[in-house]
Amino acid sequence: MNDEVIMHDFEAFRKLVGLDELRLERLRVAGEWLRPKVAEITDVFYKRLLADPTTAAFLDGKIEHLKKVHHAWIEDILSGVYDESFFVRQIKIGKAHVTNQVPPLFLAAGFSILRVLLFDQIESAAKMNQPDTCPRCSRALGRLLDACQFLIDRSYEQDRLNRVSKATGMSLPLIEALVMLKQHPG
């Protein structure tokens, strides 16, 4: 599965969840509200991860670097620019997580924590700006985060398929065909 296949699948995902121009505009509004809070969001995010002994051990010695990378990623998420290069960067981020052996559990938990932090900030900002816009911005941001997680998760899937292919000598198309076999009731 190459990046073109992933982008094709992503386009289908994007259409299914309704990540359209209207929602992208809502993301731009949310980005305006949230960008001043990125450092605070990043600090709270890592404070939460460091509170757990398992994640803290994994992050040991890397925290300052990871905070910088995370801060830049959140800035990108809130940039208002959601073109193909944005989504290709999400694929690269997934590959970096695989390369650095970040457990999928940490990734899923991180996205969950991030959603809560960002939605809380949107709610606070909306109370001061446009209260009726808050739920729409949160839902649009949720869809974007889902899309990013989908692309990052695909890197884990691809890595697993590649490892099975290497270990068994089977081609990727054969493995993918086997994965797609339907189970017969029996």
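The legends below describe close-up views of a predicted model. Residues are numbered from 1 along each chain as its sequence is written, and side-chain values use heavy atoms, with hydrogens and water left out. Because the model is predicted, local features need pLDDT of at least 70 and side-chain atom pairs count only at pLDDT 80 or more, while totals for chains, interfaces and linings use all residues.

**View 1. Confidence along the chain.** The chain averages a pLDDT (the predictor's confidence in each residue, from 0 to 100) of 86, and 91% of the residues score at least 70. Among the helices (DSSP runs of H or I, at least four residues, numbered from the N terminus), H1 (residues 3-17) holds the lowest confidence in the chain, with a mean of 72, whereas H3 (residues 38-50) holds the highest, at 95.

**View 2. Helix H3 against helix H7.** The axes of H3 and H7 (residues 104-128), being lines fitted to C-alpha atoms over the stretch in contact, come within 10 Å and cross at roughly 140 degrees, on a scale from 0 to 180 degrees between N-to-C directions. The two helices are therefore oblique to each other, a class left for angles that are not under 35 degrees (roughly parallel), over 145 (roughly antiparallel) or 65 to 115 (roughly perpendicular). Contact (heavy atoms within 4.5 Å) is made by Glu40, Ile41, Val44, Phe45, Arg48 and Leu49 of H3 and by Gly110, Ile113, Leu114, Leu117, Leu118 and Gln121 of H7.

**View 3. Helix H5 against helix H6.** H5 (residues 63-77) and H6 (residues 84-99) have axes that come within 11 Å and cross at roughly 150 degrees, which makes H5 roughly antiparallel to H6. On the H5 side, the contact is made by Trp73, Asp76 and Ile77, and on the H6 side by Phe86, Arg89, Gln90 and Ile93.

**View 4. Leu78 in the loop between H5 and H6.** Leu78, which lies in the loop between H5 and H6, is buried (under 20% relative accessible area, with exposed over 50% and partly exposed in between, for a 1.4 Å probe and protein chains only), at a relative accessible area of 1%. Leaving aside residues up to four places away in sequence, Leu78 touches Gly31, Leu34, Arg35, Val38 and Leu141. The C-alpha atoms of Leu78 and Arg35 are separated by 6.6 Å, although these residues are 43 residues apart along the chain.

**View 5. Thr55 in helix H4.** Thr55 is found in H4 (residues 53-59) and counts as buried, at 7% relative accessibility. Not counting residues up to four places away in sequence, Thr55 touches Leu49 and Phe106.
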